[in-house]
Structure formats: C-alpha cells, structure tokens
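This note is intended for a colleague who is meeting the structure for the first time. Please read the points below alongside the sequence and the model.

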Amino acid sequence: MSILDREEPHYFGAGPALLPSDVLKQAALDLITYGGENLGIGEISHRSKPAIEVIDETKANIKSLISVPDTHEVFFMQGGGTTGFSSIVYNLMANYAKKHNLKKGKAAYAVTGGWSKKASEEAQRLGFEVDVVYNGKEKKFGDIEPFSNWKPIDKENTAYLYVCDNETVHGNEFKTTPDTSYLPEGVELVADMSSNILSKKIDVSKYGVIMAGAQKNLGLAGLTIYIVKKSLLEQASDEELRQAGIPLCPIAFHYPTVVANNSAYNTIPIFTCQILRLVTDKLIAEGGIDVLEKKNIHKAELLYGALDKHSNLFNLPVTNHQVRSRMNVVFTLPTEEMTNEFLKGAQERNLTGLKGHRSVGGIRASIYNAVSLHSVELLVAYINDFAEAHQ
C-alpha cells in the first residue's frame, strides 16, 4: 500500500464529512504540482487562467448535474452555511428595496430544526423583521406539517420564505421541491441545501436562492455554493439603502460583486474549489443525479428498515416517515449507557462518526453521497446484531 492509499473508511460523520478516496489522492497530487507546473493548486493566483478554469468547470458541472436554467447564476463564496444566513438576508432585502421603492421588507422563515432556527435568529440579530410562519419545535421537529397548516405569508411586505431543505441535527427533509403555490407572487423561495445538495433531483427554477456549504455532501469546509436567480442581482445602491435605513451587505458577500468577478473578488479557496470539481466530475462519470438519487433512496430505506424492525430498542424522533432525512438518520436508545455501548461496539467494527449532535445526543448516521452502500450494509448488520444481543 502506497503512502496515498488508505483502507476505505466507514465514516458517518455529519460534516466535515467523508470524501471519496480517489478524489483525495488526486487532490493530494494537485497540492504538489498542478497542470504540469512546479506549483500546487493552493499556490496559484485565484485570478490565473488555471484557477479560472477550475471555477468555470465546477460551475458547469453543477449546472449539468441539476439542470440549472439560464435564469439562474452559479457562484462560490468563502464561508459556510452560517455565512449564508447573513448574506441571504442582506442581498434579498437590497433586491426587495430596489423593486419596492426603497421599502424595507421582512423575511418569512420556516423553523423545522436547529439550522433554520439559527438562520431566523441571525436575520433578526442583523436588524431585519422576521416572521416565523412555521415552527416545528412543539413537535420536537419530528414532522414538517403541510403548508395548509402554516401561517399565511404577508404578501404585501415579505421578500422571501426561507427553508432548510435538510436538517442535519434533527433529521428531517423536504423530499421534493416545496409547493410554491403557497407563496404569494413576488415572494422568493430560499433554501439551505448544505447537507443534501446534489443528492436528488430538484426543480431549480422554483427557487430564488439555493445555498449550500460544501463540507457535508460535496467537499471541504470553507466554500459555499450559491445558485441565485439573476433578477435578484438587481439591488438598490448603497446610498439608497442608507437613506432607507436598510443595512448594507459586506462587500465580500455582495452577490452582484461576487458574480461580476466570477467568484474571485477576494481570494477564493481554490484548492477547496478543486475538490468540488473533482467530486462533481466523479458524480457525472458515475451516471449523474438519477443514479445518485436511486442510490441514496436505497441506502436510506435499508437503514430505516433495520431501525424500524427493532423499534422496541431504537427510537426515531422523526415520526412522519415522509419527511425522514435520506442524508442524516437520527435515532436514540433507551439509556445513555446503552448509547455509549452502541458507540463503543460500532467503533470496534470501524463504524465511526455516529455520535449525535451535542444539542440532542443519541446517534446520527450521515449517509451522504460518498458513503458507500457497503458501509450502510455493515451498519445495518451491526444494528441487527446489537438488537439481538439486547432482546
């Protein structure tokens, strides 16, 4: 075994998450020498021709994989989902002001778990009016109720509705594109897809903004994917926003500026972008989004099937089967001692990264694109063995 080889890990961490070993091997070589030069990918200028090619080809891959229409722009920014919480509200309020005679709009949020809750709190902290139209906290985020049960959106004043498409902590997911008939005309649908981007087919045309930190399902931490409707890049000027008392977006996260500079207004982490390019190259070579979605459905069905089979031992807090996440399978055991025993036994079988988020405890198996069917089968076998030993 060479220094760049490794035994294939069976890792279920939620993020930073598993990456394909062949991608990492190529990336390791790229760090030493890239494009036949005596420089690595992390050493070249972010505005050089090779770097621009990395950015452009990565964008093209994403457009191809999920059929991004010409109405939308794909770009990258530093940071992760938390940066997106603020960049979204700044930019969409500047667009709303442009369209509504410098009127200060408000934002609607569906709180379906920990991350959408944090997003709504950040928008409010930054000085914007937030309307929580759905809050699943009373049901401990075990369900996402139909839109008919949500609070109506204030169509006269609302710029956008924000949803977290997949909640990594609480393990629920919008399996399909949310029903946009719920939205009044002119209210944009915004989605955080950090933990399920490129795991399923989506209708991009329905969204004003899709934001996704790369470090869960596609790459390394430090880079965020944005897919934004081009019309949202039309924004009120800084002077107009000041006059209207609307906060200005920091320039590094100002969408029109980032797009005008092809994601390289400031120094993009080009090595991280190269990882994303290599991952998306691999996804395309393996058959694209249709193949990926079928694989992800199969893995999730296997794992949930084993847990449901032993429901006397394993409790799944997401009670509505229709909104159980395909990416983050969360469950608990009757006692903390038994939880620790489960984790210890998993470690002995080289099944790692299963400890639940610190805010909820329990177990969490993140089965992202890079997690193989074989790894899931090994986990299922362990679940069955553990249950049999505790009958």
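1. The model under review is predicted. It contains three cavities of 30 Å³ or more.

2. The lining of the largest cavity consists of Phe76, Met77, Gln78, Ala252, Val258, Ser263, Tyr265, Asn266, Thr267 and Ile268. Strand β2 (residues 72-78) provides the largest share, three residues. Six of the lining residues are nonpolar and four are polar, with no charged residues.

3. The largest pocket holds about 410 Å³ of space. It is lined by 21 residues, and Phe141, Val169, His170, Ser359 and Val360 are the closest to its centre. Helix α4 gives the most to this lining, with five residues. Both domain 1 (49-283) and domain 2 (287-389) contribute at least three residues to the lining of the largest pocket. The lining comprises eight nonpolar, eight polar and five charged residues.

4. The second largest pocket has a volume of about 270 Å³. Its lining has 21 residues, with Trp115, Thr168, Ser194, Gln215 and Lys216 nearest the centre. Helix α3 (residues 81-99) gives the most, three residues. By class, the lining of the second largest pocket has seven nonpolar, 11 polar and three charged residues.

5. The axes of helix α8 (residues 288-309) and helix α10 (residues 373-389) come within 10 Å and cross at roughly 0°; α8 is therefore roughly parallel to α10. Residues in contact include Leu302, Leu303 and Leu307 in α8, and Val376, Val380 and Ile383 in α10. The contact of α8 with α10 involves nine nonpolar, two polar and three charged residues.

Note on methods:
Residues are numbered from 1 along each chain as its sequence is written. This is a predicted model: local features need pLDDT of at least 70, side-chain atom pairs count only at pLDDT 80 or more; totals for chains, interfaces and linings use all residues. Side-chain values use heavy atoms; hydrogens and water are left out. Axes are lines fitted to C-alpha atoms, for helices over the stretch in contact, and angles run from 0 to 180 degrees between N-to-C directions. Helices (H or I, at least four residues) and strands (E, at least two) are DSSP runs, numbered from the N terminus. Angles under 35 degrees count as roughly parallel, over 145 as roughly antiparallel, 65 to 115 as roughly perpendicular and the rest as oblique. Contact means heavy atoms within 4.5 Å. Ala, Val, Leu, Ile, Met, Phe, Trp, Tyr, Cys and Pro count as nonpolar, Asp, Glu, Lys and Arg as charged, and the others, Gly among them, as polar. On a 1 Å grid over the protein atoms alone, a cavity is a set of points where a 1.4 Å probe fits but cannot get out, and a pocket is an open set with protein on both sides within 12 Å along at least five of seven lines; lining residues have an atom within 4 Å of a point. Grid points are joined across faces, edges and corners, and a volume is the space filled by probe spheres set on the points. Domain bounds come from an automatic or database domain assignment.
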